[in-house]
Amino acid sequence: MSKQTQTQMEFSKSTKNLALILGFIALSFTLRAQTNFKQADGSYITIAGTSTLHEWTMTSLQAGVQASFQMDEKGAPTELKSLGVSVPSESLKSAHKAMDKNAYSALKADKFKAIGFTLTSATTNSNVFQCNGSLTIAGVTKSISLDATCQPKEKTLRCTGSKKMKMSDFQVEAPSFMFGTVKTGDEITISFNIDLTAVKN
């Protein structure tokens, strides 16, 4: 084997080793920068609306959230990579048990146990994330877009926002209570206040 051939082989081997090292470094940085989160205690989601008697609110403290963010060196989120939300239908509670019962019936909670959202894409503008995805209520799935403001807060990431929609879009009949004398309006507002905590690998 000539010296030139040997030198070329050694150079090629060194180049491959360098590329491999750089690849590991890049992968390591990506894994560190992308962080998985889940909901912390105290997180809640509300559904609010109107009725012929007064305004009403149903709140769930049992929302299950799994999210993955790209983070910067200061620990602030820069990109939303994935998001899944599941709210048990019967975890929603109002001040009226009769209304709750009728709401679960309207949501077909005996058949469809949860309200769910799955992210399909997201864009970022400062700390506001426009989330595009599929929302499923009472077994009916629709594409929606909503904004979430996410900011670091102590050891968590707090995400807040709201979205107006109509129950009829999901084939949900507006529930009533007090023997039908009080009827709810079709339009509702879903609001969320979610504290996310990093998942330890």
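Reader: To begin, is Leu157 buried or exposed?

Author: Leu157 is buried, with a relative accessible area of 2%. Buried means under 20% relative accessible area, exposed over 50%, and partly exposed in between, with a 1.4 Å probe and protein chains only. Please note that this is a predicted model, in which local features need pLDDT of at least 70 and side-chain atom pairs count only at pLDDT 80 or more, while totals for chains, interfaces and linings use all residues. Residues are numbered from 1 along each chain as its sequence is written, and side-chain values use heavy atoms, with hydrogens and water left out.

Reader: Which strand holds Leu157?

Author: Leu157 belongs to strand β9, residues 156–166. Helices (H or I, at least four residues) and strands (E, at least two) are DSSP runs, numbered from the N terminus.

Reader: And which residues is Leu157 in contact with?

Author: Contact means heavy atoms within 4.5 Å. Leaving aside neighbours within four places in sequence, the partners of Leu157 are Phe37, Phe69, Pro77, Cys150, Gln151, Pro152, Ile194, Asp195 and Leu196. The C-alpha atoms of Leu157 and Ala198 are separated by 8.5 Å, although these residues are 41 residues apart along the chain.

Reader: Why is the disulfide right-handed?

Author: The torsion about the S-S bond of Cys150 and Cys159 is about 120°, so the disulfide is right-handed.

Reader: What about Cys131: how far is its sulfur from the closest cysteine sulfur?

Author: The distance is 7.0 Å, to the sulfur of Cys150, which is too far for a bond. Cys131 is buried, at a relative accessible area of 2%.

Reader: Which members of the largest nonpolar core touch the most other members?

Author: They are Phe69, Leu83, Cys131, Ile137 and Leu196, in a core of 45 residues. A nonpolar core is a set of buried Ala, Val, Leu, Ile, Met, Phe, Trp, Tyr and Cys residues joined through side-chain atoms within 4.5 Å. Not counting residues up to four places away in sequence, Leu83 touches Val65, Gln66, Ala67, Phe117, Thr118, Leu119 and Cys131.

Reader: Turning to the strands, how many bridges join β5 to β6?

Author: There are 5 bridges between β5 (residues 77–88) and β6 (residues 114–125), and the strands run antiparallel. Two strands pair if DSSP finds at least two bridges between them. Within this pair, Val85 stands opposite Phe117 in β6. β6 also pairs with β7 (residues 128–137), in the antiparallel sense and over 9 bridges; there, Ala122 has Cys131 as its bridge partner in β7.

Reader: How many residues lie between β6 and β7 in their hairpin?

Author: The hairpin has 2 residues between the strands, and Ser126 in the turn has a positive phi of about 60°. The hairpin of β4 and β5 has 5 residues between its strands, with Gly75 at a positive phi near 85°.

Reader: How many residues of β4 are buried?

Author: Strand β4 (residues 64–71) has 6 of its 8 residues buried. β4 pairs with β5 in the antiparallel sense over 8 bridges, and 5 bridges join β4 to β1 (residues 34–39), also antiparallel.

Reader: Next, helix α2. Which of its residues are buried?

Author: In α2 (residues 97–106), the buried residues are Met99, Asp100, Ala103, Tyr104 and Ala106. They cover an arc of only 155° around the axis, which puts them on the same side of α2; the arc is that of the directions from the helix axis to the C-beta atoms. On the other side of α2, Lys97, Lys101 and Ser105 are exposed.

Reader: Finally, where is confidence lowest?

Author: Confidence is lowest in helix α1 (residues 3–33), at a mean of 48, and highest in β7, at 98. The score is pLDDT, the predictor's confidence in each residue, from 0 to 100. Over residues 18–32 the pLDDT is below 50, and beyond near neighbours in sequence this stretch has 1 contact in the model. Where pLDDT is low, the predicted coordinates should not be read in detail. For the chain, the mean pLDDT is 85, and 80% of its residues reach 70 or more.

How values were computed: Disulfide = S-S within 2.5 Å.
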